[in-house]
Amino acid sequence: MYFIEKTIEFDKWLRKLKDLKAKAKILFRIQKLVNENTLVTVNLLETE
């Protein structure tokens, strides 16, 4: 089982990623993990 934590830093990095093919592959892989009953949490705390 994988543990995926969505962070603000990751969101910022992903938004800045200019390679659309790479971005699509990353998002596809994350969604695939989520669909495989992976434990997913969302970290909404902003870090400085």
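Where is the place of Phe 10? Phe 10 sits in helix H1. The legends below describe a predicted model, in which local features need pLDDT of at least 70, side-chain atom pairs count only at pLDDT 80 or more, and totals for chains, interfaces and linings use all residues. Residues are numbered from 1 along each chain as its sequence is written, and side-chain values use heavy atoms, leaving out hydrogens and water.

**View 1. The whole chain runs β-α-α-β from the N terminus on.** Two helices and two strands make up its elements. These are DSSP runs numbered from the N terminus: helices are H or I with at least four residues, strands are E with at least two. Of the 48 residues in the chain, 12% are buried (under 20% relative accessible area; exposed is over 50%, partly exposed in between; 1.4 Å probe, protein chains only). The chain exposes about 4500 Å², and carbon and sulfur atoms supply 60% of that area (Shrake-Rupley method, 1.4 Å probe; for residues, only the protein chains shown count as cover). Contacts (heavy atoms within 4.5 Å) between residues at least 6 apart in sequence join residues at least 24 apart in 71% of cases.

**View 2. Helix H1 (residues 8-16) packs with helix H2 (residues 20-35).** Two packed helices are described by the angle between their axes and the distance between the axes. Here the angle is about 145 degrees, and the axes are 10 Å apart. Axes are lines fitted to C-alpha atoms over the stretch in contact, with angles from 0 to 180 degrees between N-to-C directions. From H1, Phe 10, Trp 13, Leu 14 and Arg 15 make the contact. From H2, Lys 23, Ile 26, Leu 27 and Ile 30 take part. By class, the contact has six nonpolar, no polar and two charged residues (nonpolar: Ala, Val, Leu, Ile, Met, Phe, Trp, Tyr, Cys and Pro; charged: Asp, Glu, Lys and Arg; polar: the others, Gly among them).

**View 3. Phe 10 of helix H1 is in contact with Ile 26 and Ile 30.** That list leaves aside neighbours within four places in sequence. Phe 10 has a relative accessible area of 26%, so it counts as partly exposed.

**View 4. Thr 7 is found in the loop between strand E1 (3-6) and H1.** Is Thr 7 buried or exposed? Thr 7 counts as buried because its relative accessibility is 18%. A polar atom of the Thr 7 side chain lies 3.1 Å from the backbone nitrogen of Phe 10.

Note on methods
Polar contact = N/O pair within 3.5 Å; in protein donor to acceptor, adjacent residues only side chain to side chain.
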